[in-house]
Amino acid sequence: MVKKVLLSTLAFLVLLFVIYWDLVSYGLQQAKGQLTIISNTQDVSDVLASDNVPDSIKHQIRNIEEARLFAFDSLGLKQSDNYTTFYDQKGQVSLWNLSASEPFALEPKLWSFPILGSFPYKGFFDLEKAKTEAKELKDEGYDVRIRPVGGWSTLGWTKDPILSNMLRRTEGSLVELIIHELTHSTLFVKDDIEFNENLASFIGEKGAVAFLNNKYGKGSSAYYDYIISEEDSETFRDHMLLAAGKLDSLYQSMIEISSDSIKSKKKEQMINEIIISIDTLHFHNERYYQIFQNTLPNNAYFMSYLRYYSSNDSLESLLSNSYDNDLRSFIEGMVEYHK
């Protein structure tokens, strides 16, 4: 009897393994990539003590140390050992993000993972595997986007390292990234990526402003440069969010149209109008005028702006009206509400 039960259990496990092979295979690939990075990190103290490391890198690492302390002590983010180790990417991208959307609706494709929940994107440590899956999705009719990832949070599963490519950023941008990722490890609501990313983006930006003001003051060049950069980012993303709203209205108006060819022409015409209208915007940095020189954005691109910034106004209002612009109290309130 016991032997039969064991055989039945084994057969069931084998069946599950076969049915969910794609998921298992993907999980193993991601684990391998993450372990490769973790096993090749150095303690920050060793990097700072090395005579072979340029002062510019040491300076940025010290900025991260200051940002961590500010995030923990002044903002109340969860204390952790994240960003106390260093991984040299040797100038290469370590992780790519794959996202996809319906062609005539701003609806993301979702990937479901045990325990973690559903995600509107998928990470790959192997670019070729990302491209292979992207092609499969394109063949199924999805709008697809692959982009490099500058930093990510494992939500406490591992100790997140400093990635060498992070250090190419300006100080303000670097601090924003660190606070963004530490926000994820402080609060992460299952199956609500839009909330998680909107909140982390909002706190990352507000936290960076507070950090630079605290360290240098509002009259400093570091503070001014970050504020100017944020003004450009806000101008561009507001344009993308407005564009997403226009596209959504267009798609709603085409529900009764059966011809994909007609839908595609209307979609392409509107996206072209959106891109042309960028020339009417004011930016301090002219790179924004050249962003779409080589390719047009698709639904997956517009979805990314909804995912990261669509709640910015409501979060700003909540911070101002309910927390008197006290970012620490705001964070505590968010954590308490989502317990």
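The model is predicted, so local features need pLDDT of at least 70 and side-chain atom pairs count only at pLDDT 80 or more, while totals for chains, interfaces and linings use all residues. Residues are numbered from 1 along each chain as its sequence is written, and side-chain values use heavy atoms, with hydrogens and water left out.

A search of the whole structure finds 11 salt bridges, each being a side-chain nitrogen of Lys or Arg within 4 Å of a carboxyl oxygen of Asp or Glu. One of them pairs K267 with D143, at 2.6 Å from N to O. K267 belongs to helix α9 (residues 260-276) and D143 to strand β7, so this contact ties together parts that lie 124 residues apart in sequence. Helices (H or I, at least four residues) and strands (E, at least two) are DSSP runs, numbered from the N terminus. Both K267 and D143 are buried; here buried means under 20% relative accessible area, exposed means over 50%, and partly exposed lies in between (1.4 Å probe, protein chains only).

A further salt bridge links E171 and K215, whose closest N and O atoms are 2.8 Å apart. Because E171 sits in helix α6 (residues 171-186) and K215 in helix α7 (residues 193-215), the pair ties together parts that are 44 residues apart in sequence. E171 is buried, with a relative accessible area of 14%, whereas K215 is partly exposed, at 30%.

The salt bridge between R328 and E332 has its closest N and O atoms 3.3 Å apart. These two residues stand 4 residues apart in helix α12 (residues 327-337), so about one helical turn separates R328 from E332. R328 is partly exposed, with a relative accessible area of 31%, and E332 also counts as partly exposed, at 42%. Elsewhere, salt bridges that share partners join E66, E171 and K215 into one network.

Turning to the surface, I115, L116 and W157 form a nonpolar patch with about 370 Å² of accessible area together. Patches are made of residues with over 30% relative accessible area and no salt bridge; like charges are joined within 9 Å, and nonpolar side chains (Val, Leu, Ile, Met, Phe, Trp, Tyr) within 5 Å. Accessible areas come from the Shrake-Rupley method with a 1.4 Å probe, and for residues only the protein chains shown count as cover. W157 is found in the loop between β7 (143-148) and β8 (162-163), and its relative accessibility of 59% is why W157 counts as exposed.
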